[in-house]
Amino acid sequence: MTIAIDRGQTKRAPRDVTTWDRLKVNRDWLGFWFMLPAMAFLILFLAYPLGLGIWISFTDARIGRVGDFVGLENYEWLWDDSIFWLSVFNTLLYTFVASIFKFAIGLYLALLLNENMPLKAMLRALVLIPFIVPTVLSALAFWWIFDAQFSIISWSLKQMGVISQNINFLGDVYWARFSVIFVNIWRGIPFVAITLLAGLQTVSPSLYEAATIDGATRWQMFRHITYPLLTPIIAVVMTFSVLFTFTDFQLIWAMTRGGPVNATHLMATLSYQRAIIGGVLGEGSAISNAMIPFLLAAIMISWFGLQRRKWQQGEAND
Amino acid sequence: MNDFTRRTVLQGGTAFAAAGALTGPALFDFAKAWAQTAPWKAEKDAKLTVMRWKRFVPAEDAAFNEMVAAFKAATSTDMNVFSESFEDVQPKASVAANTGSGLDLAWGLHTLPQLFPTKVLLMNDVADYLGKKYGGWTDAAAATVKQGNNWLGIPVATVGGYLTYRKSALDKAGFKEFPKDFPGFLEMCKALKANGTPAGFALGHASGDANSWLHWVLWGHGAYTVDKNDKVIINSPETVKALEYCKALSDTFIPGVASWNDSSNNKAFLAGELYCTGNGISIYVAAKDDPTKKELADDTYHALWPIGPIGKPTELQLCVPILAFKFTKYPNAAKAFIAFMLEKQNFDKWLSGARGYLTHTLNAYDASPVWTADPKNYVFSQASKRALPASGIGTPGEKAATAIADFLVVDMFANFCTGREDAKGAIAITERQLKRIYR
């Protein structure tokens, strides 16, 4: 009994265990604590700017001045703005056409590079060149190639007697669209090709051996072995490719600044022109926010459409 | 006129200083003497941070920096000068105005001080001092920086743009001198095209070149984006006339002008494919500096923009005003520096360094040596006199600046001239956008 009393006097009475104490050691919460730094990072550098952009689009902010809340006014204005809709059309056209060509040519190139041939490593490295040249530099080079007066293409064709007058590459609406899409394809192919090539190399050769024994043709091998096994890579690559194309800015800005008569204005370039050059931040943010639904749709299509296969979860293919 | 190609083109032409201008020790002596008697005494240990636009001509920059050094030595003011590209000057100045820190002086474009009239240090005394001493300010320059009777900044200079042409082509087309009115100009362009020596003016998003010549066509017909009270008046018969005139003109142009940016006409002219265009003095300077282009330089002449049906000059020229922020701790040093820049001993040399790229806004500098050093420079001496502010007859300020930055007038003309829209459609699109900017 005395012992018990001694104990009570020397030791402090245990305080109540608070929720905080529990959370600190709770194993279910441990994961949360570890995630916290990453989360803070994402919130600070991704969620906050995105949220800010959305907020600004509801105001009449200008550069250097905080705006007042104007509700949906910016969006209502854009809804009736023919130039905005033209830029939406241009962006969709640009993305759609360029992505299809990039995929087709990229895949073809990947298949070629996957073959055994002399100087394989060197050829693979060469394919990457358009991708490693800084975009602005290649755009400037193409700007000269498509120049109204000094185009090497026009010059060559004239020398050969095919045409009598320079082609108005960047001054004619259709030629201008063709030219910028062409450059985008040229620049985007290596990314698609090399990534798909990496994907091709993960396909086990034994599958092809088995197919050969079964007497499959090359097309059948592609259709039933290569393509299905490549699908997840294709989904990722094309998602990225579409996102990059949709949000492209540098090529257009360096080559046409959205001209002629806004025929190559993409949403990104129009947003920049209105927000930064023109100083109307609210409207500019509204234009860039208008890209979000399109981008989300692109992501959804590729992830839910192409990646739903069960082998994604480690189960048998069906 | 904010392209870097033009600047790089000009980099060949360094080391040009007018004979007899103050340099080295003499400049320092002048600066010291000036500081003793100037109406503004720089505060003790003053420190000024100055932002300016990036120069086109190295010699201009050199003259500016020499002046800064002399001012620094004479007043013991610590000077921190940095340059920004044309596009970045306005946003940075706006942010400084809004946050109340970062800069003391900003040397920008167009109507910069009008963007934040409550944040600038009034320059009435400086304008008064300089105006009295140097024969008064030109109207366009004053309008650009004045709000009522207050000077929000000092219009340091104008970056002039005029017609650059090949005399041989004009002679061949039967024009003894450059036409002075719109019909004559159109006739000349037609004749040039018929001879295979076409003219060409940018119809693309060339912020300097396209804006300046298309505003000239618009204003020359008496059409404006807004009236004196900033009411949108673009939808007018005059605008239709301007569109039709422009269409007729553009039919005579060298192909590809819809894709042109600010440097395209420089390239085409220097390559001998283009025979008449609107530009800063840079084409001529570049030709002069290139020994292989001597013939072209000798054949290149400048002309004033012809006068439109309204009977008076209607030019859009690029004013470059300087302002001091109200929050600067050293208002006297700031004022002293601005006044010092425009004193004859500095400014003559500076103008010479700029080689015609910069035009004075104070009448006394009509006699500046740069305008007679090469007779072909002379046309550019008129830039500050024949211009309207960037807002036309409307209020100079942010709204007018936005309309120009968003290429509203350029796109209206381009839409019509390329046949994408009829006159009604082209005007309607522009009117709608203007109404939003001027709401």
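**Exercises on the domain interface and fold of chain B**

In this predicted model, 18 residues of domain 1 of chain B are in contact with 19 residues of domain 2 of chain B.

**Exercise 1.** Characterise the side of domain 1 of chain B that touches domain 2 of chain B.

*Solution.* Step 1: a contact here requires C-beta atoms, placed from the backbone, to lie within 7 Å. By that criterion, 18 residues of domain 1 of chain B meet 19 residues of domain 2 of chain B.
Step 1: helix α1 (residues 4–10) of chain B supplies the largest share of this side of domain 1, namely four residues.
Step 2: by residue class, this side of domain 1 comprises eight nonpolar, seven polar and three charged residues.

**Exercise 2.** Determine whether chain B is as compact as a globular protein of its length.

*Solution.* Step 1: chain B contains 19 helices and 13 strands.
Step 1: the globule rule gives 22 Å for 439 residues, and the radius of gyration of chain B is 22 Å, close to that value; chain B is therefore as compact as a globular protein of that length.
Step 2: along the principal axes, the C-alpha atoms of chain B fill a box of roughly 65 × 55 × 30 Å.

**Exercise 3.** Report the burial of chain B and the sequence separation of its contacts.

*Solution.* Step 1: 59% of the 439 residues of chain B count as buried.
Step 1: considering contacts in chain B between residues at least 6 apart in sequence, 78% join residues at least 24 apart.

Key. Residues numbered from 1 in each chain as written. Chains lettered and ligands numbered in written order. Predicted model: local features only at pLDDT ≥ 70, side-chain atom pairs only at ≥ 80, totals over all residues. Contact = placed C-beta atoms within 7 Å. Helix = DSSP H or I, 4+ residues; strand = E, 2+ residues; numbered from the N terminus. Nonpolar A, V, L, I, M, F, W, Y, C, P; charged D, E, K, R; others polar. Rg over C-alpha atoms; globule rule 2.2 N^0.38 Å. Buried ≥ 20, exposed ≤ 12 C-beta atoms within 10 Å, placed from the backbone.
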